[in-house]
Amino acid sequence: MFFPDQMVVSMDENLLEDQGELVHAGGFVAFSIAYFHIPTDFANASYTVVMHLNGTIHNVLVHTKDMCAVDGHQGSVPRIRALKLFSSTQLMLGTQCGMNSEELGPHLLWDFSDGNDRWDTFAGGQYRTSHDIEVLGDGMMVSPTTDHRDIEVFDMKTGERYFKYLVWNETIETWYPGGELAGTFAPDVNHCQLTDGKLLLSLRYCDTLMLVDWDKAASSIIDSIDGTKSTDDDGYGVTWFAGGPNSTYTQYKIDGSTLDAGQSSLFYGQHNPEIVKITDGYIYDIMMFDNGYSTIADTHYHDTSRLLMVRVNEKESYVKEMWAYNLSHYSPIYGDADMTPSSNVLANSWPETLTDTSAFDFQALLVVPKSNAMGGRIGWALRVYSDLEAHGCTGYPCTRNDGSRPMGWAGYSVERFFDKPIVDSVSCSDGKLEIKGIYDVSKWSTSQPGHVFVYEDSSTDRIKALDTDFTFSLYNEATEVTIDDSSILVDGLTVRVEVQNRFKQMHSLTTNCR
């Protein structure tokens with residue numbers, strides 16, 4: 001078996017404490033890494049790791065050949081792309097078996113409880129895209145199709161398709177009527193996020209984000225198998241395109257200027273874009289990993305890859321850079337960038353070319369953004385190293401991309417989640433109990449139920465009159481709950497407050513009423 005030569009964790013505790021990240025240090029960071037050394041049609045070794053910020057490893061799943069059980073892929077060690085929390089103890093993993101160009105494999109559920117290596121397939125064990133998986137509820141899921149052209153909704157247990165949304169028809173077929181891209185994977189849908197009735201799609205091949213009114217789109221699909229759409233001139237639910245040569249809105253850089261001559265987008269070849277905030281129903285803040293490489297133009301547009309947040313304003317008709325952090329290297333594929341509850345950015349990347357200053361194969365890092373400015377400071381980092389000779393190099397610079405995959409270690413996604421809800425503060429005065437800074441265990445895009453239970457001091461008897469249900473805010477945004485009852489919350493009363501999520505994970509705090 002192959003293992004990293006080193007995995008090094010570094011942390012600026014003072015910086016993270018100032019930013020509030022250490023208050024949440026009890027949670028986890030999860031990532032997957034795969035190793036290519038001997039040229040084969042599959043990874044030589046591949047692992048999913050769940051660890052704490054201090055570097056303590058909670059659990060590791062060794063990806064094994066029996067995960068790839070379809071004819072032609074037996075003996076293939078899968079690598080992981082999609083990686084998301086499913087329950088309090090399970091991660092969803094999107095696998096790629098072998099070097100099939102469609103990047104397909106079964107979707108897995110792994111129980112990452114301490115010491116467990118239990119995993120199982122879902123969606124009938126069928127081969128699907130490894131890039132993204134979203135849970136819709138009621139046993140349904142949404143994911144890009146195997147040809148990277150469209151989106152499909154299917155049964156989580158059986159894999160039966162309910163219907164398909166034809167992204168190709170609304171993009172490539174319209175933009176390139178001469179069939180110029182007919183033989184490609186364009187638009188290459190590599191991410192989907194369904195939230196608040198909207199579906200955000202990443203069209204990597206086109207350097208474009210696409211927002212769809214999901215309710216309108218679903219109602220216009222009349223054939224549940226092939227996705228045939230109605231003839232209504234409603235744009236098939238399309239709200240806007242942001243980025244790329246077909247952007248609905250004007251694109252602005254952070255200084256307010258428009259794109260430089262010769263450029264068609266603020267970002268190129270993007271991975272893992274996600275809405276992190278919606279304001280007033282028409283302003284969207286979106287975080288992504290901007291690789292900086294355009295497939296259509298076959299051109300690098302940035303000196304390095306970067307972490308990027310853009311804002312799309314529907315009323316003022318613009319898409320604008322709001323923040324970016326330039327990495328010290330270029331990652332032509334893969335990459336992730338997520339907002340944490342402390343408004344820091346968790347990301348991962350891999351240098352295509354190793355140098356004296358970027359000598360690691362893979363990194364996950366927490367960046368503390370500068371206030372109202374580009375850039376930031378690294379508060380935490382995990383870096384994975386292998387022997388330079390394993391890349392066929394004797395010194396720096398060392399380029400380690402064979403055209404289809406990185407040699408050595410690399411990874412696609414990284415996630416931050418917690419073992420219980422976060423509660424920043426509880427106070428009780430003038431007959432009101434205020435609970436502030438409530439976050440669920442993960443950055444859900446769909447509504448999640450929460451519950452508040454109140455007890456008198458150390459008693460196990462619940463004050464049922466104060467039971468309160470609420471809904472966690474989306475995208476790692478803070479929630480506040482106020483309970484007003486002056487007849488119970490009297491001066492001198494000591495109360496223990498429990499905040500619970502749908503997994504019955506609980507955070508308890510005690511306060512005195514005054």
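The model is predicted. It holds 3 disulfides, and with bonded cysteines counted along the chain they follow the pattern 1-2, 3-4, 5-6.

**Disulfide of Cys68 and Cys97**

- Cys68 and Cys97 are joined by a disulfide with an S to S distance of 2.0 Å.
- The link of Cys68 and Cys97 is left-handed, with -85 degrees about the S-S bond.
- This pair links distant parts of the chain, 29 residues apart: Cys68 lies in the loop between strands S4 (57–62) and S5 (79–85), and Cys97 in the loop between strands S6 (90–96) and S7 (104–105).
- Cys68 counts as buried because its relative accessibility is 1%, and Cys97 is likewise buried, with a relative accessible area of 0%.

**Disulfide of Cys393 and Cys398**

- A disulfide connects Cys393 to Cys398, with 2.0 Å from S to S.
- Its link is right-handed, at 75 degrees about the S-S bond.
- Cys393 and Cys398 are both buried.

**Disulfide of Cys428 and Cys513**

- The sulfur atoms of Cys428 and Cys513 are 2.1 Å apart and form a disulfide.
- The link of Cys428 and Cys513 is right-handed, with 90 degrees about the S-S bond.
- Distant parts of the chain are linked by this pair, 85 residues apart: Cys428 belongs to strand S34 (residues 422–429), while Cys513 is in the segment after strand S40 (506–512).
- Both Cys428 and Cys513 are buried.

**Cysteines Cys192 and Cys206**

- Cys192 is in no disulfide, and the nearest cysteine sulfur, that of Cys206, is 16 Å away.
- For Cys206, the closest cysteine sulfur is in Cys192, and the 16 Å between them is too far for a bond, because a disulfide requires sulfur atoms within 2.5 Å.
- Cys192 counts as buried at 0% relative accessibility, as does Cys206 at 4%.

- Strand S15 (residues 189–195) is largely enclosed by the rest of the structure, because 7 of its 7 residues are buried.
- S15 runs antiparallel to strand S16 (residues 198–203), and 6 bridges join the two strands.
- Gln193 stands opposite Leu200 in S16.
- The hairpin has 2 residues between the strands, and Asp196 takes a positive phi near 55 degrees there.

**Nonpolar surface patch**

- Met1, Phe3 and Val62 form a nonpolar patch on the surface, together giving about 350 Å² of accessible area.
- Met1 lies in the segment before strand S1 (6–11) and counts as exposed, because its relative accessibility is 72%.

Notes:
Residues are numbered from 1 along each chain as its sequence is written. This is a predicted model: local features need pLDDT of at least 70, side-chain atom pairs count only at pLDDT 80 or more; totals for chains, interfaces and linings use all residues. Side-chain values use heavy atoms; hydrogens and water are left out. Patches are made of residues with over 30% relative accessible area and no salt bridge: like charges are joined within 9 Å, nonpolar side chains (Val, Leu, Ile, Met, Phe, Trp, Tyr) within 5 Å. Accessible areas come from the Shrake-Rupley method with a 1.4 Å probe; for residues, only the protein chains shown count as cover. A salt bridge is a side-chain nitrogen of Lys or Arg within 4 Å of a carboxyl oxygen of Asp or Glu. Helices (H or I, at least four residues) and strands (E, at least two) are DSSP runs, numbered from the N terminus. Buried means under 20% relative accessible area, exposed over 50%, partly exposed in between (1.4 Å probe, protein chains only). Two strands pair if DSSP finds at least two bridges between them.
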